[in-house]
Amino acid sequence: MSSSVTREQQKADFMEHLFEVYKPSNNCYTSLWKRFCMSEAGPYCRDLYYERLTALKEYLATQSSQESNDN
């Protein structure tokens with residue numbers, strides 16, 4: 001199976017998963033992706049962004065402190 005066919009099947013499988021999880025009252029797939037992004041992926045990605053930003057700031061502060069101590 002080619003990678004593009006595999007990828008399309010994965011997308012279809014995931015949309016089916018979203019349909020089962022959210023059980024839309026109109027029995028329609030419309031807005032399931034947006035709902036997933038807003039309620040699950042969005043908050044997760046936002047939190048991950050700030051965790052990485054904090055870690056980067058701490059790393060840079062540590063590097064700066066070590067450079068100061070070396071001089």
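Visitor: Let's start simple. How many helices and strands does the chain have?

Guide: Keep in mind that this is a predicted model. The chain has 2 helices and 0 strands.

Visitor: And how do I read its overall dimensions? What is the radius of gyration of the chain?

Guide: The idea is to set the value beside the one for a compact globule. With 71 residues, such a globule would come out near 11 Å, but this chain has 21 Å. You can look at the box around the C-alpha atoms too: along the principal axes, they fill roughly 65 × 35 × 15 Å.

Visitor: What share of the residues is buried?

Guide: A residue is called buried when its relative accessible area is under 20%. In this chain, 8% of the 71 residues are buried.

Visitor: Which residues form the largest nonpolar core?

Guide: There are 5 residues in it: Leu 18, Phe 19, Tyr 22, Leu 32 and Phe 36. Two elements, α1 (3–22) and α2 (32–70), each give two or more residues to this core. The largest share, 3 residues, comes from α1.

Visitor: Let me zoom in on one of them. What does Tyr 22 touch?

Guide: Leave aside residues up to four places away in sequence, and Tyr 22 touches Leu 32, Arg 35, Phe 36, Ser 39 and Glu 40.

Visitor: Where do Lys 23 and Ser 31 lie?

Guide: Lys 23 is in the loop between α1 and α2. Ser 31 lies in the loop between α1 and α2 as well.

Visitor: Is Lys 23 buried or exposed?

Guide: The cut-off for exposed is over 50%. Lys 23 has a relative accessible area of 60%, so it is exposed. Ser 31 has 49% relative accessibility, so it counts as partly exposed.

Visitor: Last one: how many positive and negative side chains are there?

Guide: The chain has 8 positive and 10 negative ones, and the centres of the two sets are 9 Å apart.

Terms used: Residues numbered from 1 in each chain as written. Predicted model: local features only at pLDDT ≥ 70, side-chain atom pairs only at ≥ 80, totals over all residues. Heavy atoms only, no water. Helix = DSSP H or I, 4+ residues; strand = E, 2+ residues; numbered from the N terminus. Rg over C-alpha atoms; globule rule 2.2 N^0.38 Å. Buried < 20%, exposed > 50% of the residue type's maximum accessible area, 1.4 Å probe, protein only. Lys, Arg positive; Asp, Glu negative; His and termini not counted. Charge placed at Lys NZ, Arg CZ, Asp CG, Glu CD. Core = buried A, V, L, I, M, F, W, Y, C linked by side-chain atoms within 4.5 Å. Contact = heavy atoms within 4.5 Å.
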